[in-house]
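Subject: Structure handover

Hello,

Please find the structure below. My notes on what was found in it follow.

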Amino acid sequence: MDFLFTLLMATLAAGLAMPLGAVLARFENIGAQWLEEEFRHCVMAFGGGVLLSAVGLVLVPEGILNLSPFSAAFFFIVGGLCFMGLDIVLKKMATPASQLAAMLVDFIPESIALGAAFATGSPHAFLLAGLIALQNLPEGFNAYRELNEASTYRPKKIILVFLMMSLLGPISGLSGYFYLSESPEIVSAIMLFASGGILYSIFQDIAPQVKLEKHWFPPMGAVFGFTLGMLGQMMV
C-alpha cells in the first residue's frame, strides 16, 4: 500500500508541474523586455534539454531492453510519425492548443511507463518521475502562453484545466502498475513510441523557437536541462 501511495504521489507531482508552469507564465513579469524575452527562450530550451535527457538516458535505454532491433526501430519511428500526424491535424484546425496536445501526448504514455517501472522495481522509476516533472514545467509554461494568446481562454480557466489534466498522471500510472507490470514488451514499446514523438517535438517545435537574435545564452538552457537528467542518471 505504501508503494502504491508513492506511485500516486510521484505521478501526481509530475502532473502538477503543468499547472505550476502555467502559474509561472501567468505571473511572469521580470522587468526589462530583453530579459523577459531571454527568460522565455531559456525556459523553452530547458524543456528541450530535459526532454532530450529523458529520451537519451531513460526511455530509449529502458525501451530497447525487451525488444528486437527491428521492433524497437518500428515503435520509435511510429511514435515520430504519430506526433507528426497530430501536428499536421492541429495545424489544419488552426487551434491554439497544439502545445497542450503535445504535452498530453507526452505525459500519458510516460505516466503509464512510470507506473510499470514502479511495479517492476526499476531503479530508474524515480528518475523518470523527476524528468517528467521537469519537462512538464516548461511545457505548461509554453502551453499557457499559447492558449492565453487566444482571447476566448481566460487565465484562471486555463490553470484550472491544467490542474484537472494533472489527474491523468495517477490514472495512467495505475494503469501501467496493474495491467502492464507483467508485459515488459508493451512497456518498452510505449517508451520507444513516446521517445520518437518527443524527439520529433524537440526539433519541430522547441528547438526552432529557442534561437533569439543577438542573444547567445538561451541555448544554454538546453545544456542545463540535459545536465540535470545526466546527474539524476549518475546518482541512480
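A residue is called buried under 20% relative accessible area, exposed over 50% and partly exposed in between, using a 1.4 Å probe and protein chains only.

Some ground rules come before the rest. This is a predicted model, in which local features need pLDDT of at least 70 and side-chain atom pairs count only at pLDDT 80 or more, while totals for chains, interfaces and linings use all residues. Residues are numbered from 1 along each chain as its sequence is written, and side-chain values use heavy atoms, with hydrogens and water left out.

Confidence: pLDDT is the predictor's confidence in each residue, from 0 to 100. The protein chain averages 77, and 77% of the residues score at least 70. Where pLDDT is low, the predicted coordinates should not be read in detail.

Overall: the protein chain has nine helices and zero strands. Both are DSSP runs numbered from the N terminus, helices being H or I with at least four residues and strands E with at least two. Buried residues make up 48% of the 236 residues. A contact means heavy atoms within 4.5 Å. Of the contacts with a separation of 6 or more, 85% are between residues 24 or more positions apart.

Core: a nonpolar core is a set of buried Ala, Val, Leu, Ile, Met, Phe, Trp, Tyr and Cys residues joined through side-chain atoms within 4.5 Å. The largest one holds 45 residues, of which M103, F118, Y144 and F162 touch the most other members. At least two residues each come from α1 (2-26), α2 (33-63), α4 (98-119), α5 (125-148), α6 (155-165) and α8 (184-210). The largest share, 10 residues, is from α5. Leaving aside neighbours within four places in sequence, F162 contacts M18, P19, A22, L100, M103, G140, A143, Y144 and L147.

Helix α5: 17 of its 24 residues are buried, so α5 is largely enclosed by the rest of the structure. From first C-alpha to last it reaches 34 Å, close to the 34 Å expected at 1.5 Å a residue; the expected span is 1.5 Å times one less than the number of residues. N136 lies in this helix and is buried, with a relative accessible area of 0%. A polar atom of the N136 side chain lies 2.9 Å from the backbone oxygen of A14. Not counting residues up to four places away in sequence, N136 touches A14, G15, A17, M18, M103 and F107.

Helix α3 (residues 69-93): its 25 residues reach 36 Å, close to the 36 Å expected. The buried ones are A72, G79, G80, F83, D87 and L90. L86 is in this helix too. Beyond its neighbours within four places in sequence, L86 is in contact with A101 and V105. The C-alpha atoms of L86 and V105 are separated by 9.5 Å.

Aromatics: there are three aromatic pairs. Rings of Phe, Tyr and Trp (its six-membered ring) pair if their centres lie within 6.5 Å, with planes under 30 degrees apart counted as stacked, over 60 as edge-to-face and the rest as tilted. F118 and F126 are edge-to-face, at 5.1 Å centre to centre and 85° between the planes. F118 is buried at 1% relative accessible area, whereas F126 is exposed at 54%.

Regards

Methods
A polar contact is a pair of N or O atoms within 3.5 Å; within protein, one must be able to donate a hydrogen and the other to accept it, and residues adjacent in sequence count only if both atoms are side-chain atoms.
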